[in-house]
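Welcome! Please take a first look at the sequence and the structure below, and then read on for a short tour.

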Amino acid sequence: MKTLALLEGRAEPSKLKPAKTIGAEEADAVQRVMDEAVNGRVLSGFLGRAGDGFLGGPIVKSFERQFQDYFKVKHAVSFNSATTALQAAVTALGIGPGDEVITSPFTMTATPSAALLNNAIPVFADIHPDTYCIDPESVRKLVTSRTKAIITVNIFGGTSDMNALRKIADEFNLKIIEDNAQAPGGTYDGKFSGTIGDIGVFSFNVHKVMQCGEGGVFVTNDDKYALRAQLVRNHGEVIVDDFHDQGAMEDEFLVGNNFRLSEIHAAIAIEQMKKMPAINKQRQELAGYLTEKLSAFSWIVPCCVPPNVTHVYYLYPFRFLTDKIGISRATFAKAMQAEGFPLGVGYVKPIYLYPLYQQKRMFPRSQFPFVSSEYPSDVSYSKGICPVVERMFEQELLVTAVYQPQNGRAVVDEFVDAISRIQDQVEELKAYEKREA
């Protein structure tokens, strides 16, 4: 009766250990940058004018070269976040007012905001219930004459069905951006996730697999897209004339910003890249062990990985089937919390249900770009447009970090034992639900 007793009394403290990937290697790298700064080298080598400094300092450039080499891409452009890299990706494709971008609503707001910040319209496609990635068939139904790109999200460390998405993109002359913030080192048909679309975006945010506090990378094999990303990153509107006079580009119309990565962040990122394969391998081994254990419960659907995908488990998602056990997901999550294993419930609210989209308003006195002469259409953000997303959020999806390397098999075993205790006490928990109703 441990679980029920805990629910009615004091919960166990969390048994999960915090992730720790930063060590002496990163500290030493930062110290080297600081030592050189003391002797006259700047902490950011970027200059907002044409010339060598336009592309950053030596450590930033080294980081980009190493990223290109590892992920086998022609161009890697560093940014101060994956959010700004996504915005640059939409800009690089020349997308703007009147255009539509199809994406997933089951992700961080930065993904659709990349379209809005370019005054384009996000259109939300549903997800596949097994992978939680965007469903190609849902995408196909949403393509219009205004559609210019698909931003697919390689969610939780898995990879989208890129072959199916490429077929749609080729059929309708669309571009593909991969939001690969959660899947660095993952693969699809043997190719690195994030390198299969026209542009890919990686994250070095503090809670990602690789992290340097804040940071992101834009990758592409297209020279023009890379150049436009570099312009967006560093106040490019005042650089265009100089590049044009040098014969480096045709006319470009864009507004840049300061999306630059510092030398310190780049130094940390280089060390984190070295650790990524080992971190991913440990996650994969423990996640595989967790999947095996969870398969014993008929009311849980473990993480599903297609045979042509290598998953890197940013989070471990699984589905909870209320009709097969008879208690609610909320009660189960509360019971697991009481046992010392907090769970993420539902992941994120479908983005289109937030006020910005419900009211179609970015500005106090205007509904641009949702309502404008450039966009006479009427995009729908009503509840029900993505039923799988809504079902996952409201009823089925749970996520855990128990598989992460710092926890080990012993903690995974404790996690599974807690689930078994809940299963053994299901009748008592049903009674508990009635009392709490």
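## The largest pocket

Helix 4 gives the largest share of the lining of the largest pocket, with 3 residues. This is a predicted model, in which local features need pLDDT of at least 70 and side-chain atom pairs count only at pLDDT 80 or more, while totals for chains, interfaces and linings use all residues. Residues are numbered from 1 along each chain as its sequence is written, and side-chain values use heavy atoms, leaving out hydrogens and water.

The space in the largest pocket comes to about 360 Å³. Of the 22 residues that line the pocket, Met 108, Ala 181, Ser 203, His 207 and Lys 208 are the closest to its centre. Two or more lining residues come from each of helix 4 (82–92) and helix 5 (110–116). By kind, the lining divides into 9 nonpolar, 10 polar and 3 charged residues.

A pocket is an open set of points on a 1 Å grid over the protein atoms alone, where a 1.4 Å probe fits, with protein on both sides within 12 Å along at least five of seven lines; lining residues have an atom within 4 Å of a point. Helices (H or I, at least four residues) and strands (E, at least two) are DSSP runs, numbered from the N terminus.

## A sheet and its helices

Next, follow an open sheet of 4 strands, with the order 10-12-14-13 and antiparallel pairing; strands pair if DSSP finds at least two bridges between them. At the edges are strand 10 (300–301) and strand 13 (344–345), each pairing on one side only. Strand 12 and strand 14 run antiparallel and are joined by 4 bridges. Arg 319 has Leu 397, in strand 14, as its bridge partner.

Helix 10 (residues 263–294) packs on this sheet and touches strand 10, strand 12 and strand 14, where contact means heavy atoms within 4.5 Å.

## Buried residues of helix 14

Which residues of helix 14 are buried? In this helix (residues 387–396), they are Val 388, Val 389, Glu 390, Met 392 and Glu 396. Buried means under 20% relative accessible area, exposed over 50%, and partly exposed in between (1.4 Å probe, protein chains only). Their cover includes strand 12 (316–320), helix 12 (329–338) and strand 14 (397–400).

## Ala 27

Finally, visit Ala 27 in helix 2 (residues 24–38). Ala 27 counts as partly exposed because its relative accessibility is 46%. The C-alpha atoms of Ala 27 and Ile 127 are separated by 41 Å, and these residues are 100 residues apart along the chain.

Conventions
Points joined across faces, edges and corners; volume = space filled by probe spheres on them. Nonpolar A, V, L, I, M, F, W, Y, C, P; charged D, E, K, R; others polar. Axes fitted to C-alpha atoms, helices over the stretch in contact; angles between N-to-C directions.
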